[in-house]
Amino acid sequence: PSSMPSGITDPSSSPSALPSIMPSVTPSTSPSGDPSASPSNMPSSSPAVVSDYQILKLFYESANGDQWKYTKWDFTLSEHCDFPGVTCNNASEVTAIDLGKNNLSGSISTQIGQLNNLEFIRLDGNSISGTIPTQIGQLIKLTKLRMEDNALTGTIPSEIGNLVEMT
């Protein structure tokens, strides 16, 4: 130890005195505390993880939510499971969207296919236009899908065939 330069501690005498060579890393979160809302440190080629809250916000915007008749969602609230017409499981994952006859217009956002625990969608009796997004076929837990009485165009996407739980 007498041959060691000053400021260096003999590691055999005190393991806790070893200098850290790993940088300190703390998870980043958004001001709301939602880590999924923060920028990702992943390479740009990786798909971004989008929270159910963010997906519902995109859905609201694409379906002209500010013009809905009965059910409006307040995005100043932090809990999407409290939105009227939305049902969640105990893990705050969206399991149902029930917005029939509510004056929805615009289109269905493609991100709806990222609601991995969605079992029920009711959007009938609205004025939704455009096509049914192929991403609906990613909702493998979906058991009910109601979209009749809208202004949808095009064909039913073949990806709907992936929905083996449909009744």
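Reader: How many salt bridges are there by this rule?
Author: The count comes to four. A salt bridge is a side-chain nitrogen of Lys or Arg within 4 Å of a carboxyl oxygen of Asp or Glu. This is a predicted model, where local features need pLDDT of at least 70, side-chain atom pairs count only at pLDDT 80 or more, and totals for chains, interfaces and linings use all residues. Residues are numbered from 1 along each chain as its sequence is written, and side-chain values use heavy atoms, with hydrogens and water left out.

Reader: What makes Asp98 and Arg122 a salt bridge?
Author: Their side chains meet at 3.4 Å, N to O. The limit is 4 Å, so the pair counts.

Reader: What makes Asp124 and Arg146 a salt bridge?
Author: The closest N and O atoms are 3.3 Å apart. That too is within 4 Å, so the name applies. Asp124 lies in the loop between strand 4 and strand 5, and Arg146 in strand 6 (residues 144-146), 22 residues apart.

Reader: Which residues do salt bridges with shared partners join into one network?
Author: Asp98, Arg122, Asp124, Arg146 and Glu148.

Reader: Why is Asp124 called buried?
Author: Buried means under 20% relative accessible area, exposed over 50%, partly exposed in between (1.4 Å probe, protein chains only). Asp124 has 3%, so Asp124 is buried.

Reader: Is Arg146 buried, exposed or partly exposed, and why?
Author: Arg146 has a relative accessible area of 33%, so Arg146 is partly exposed.

Conventions. Helix = DSSP H or I, 4+ residues; strand = E, 2+ residues; numbered from the N terminus.
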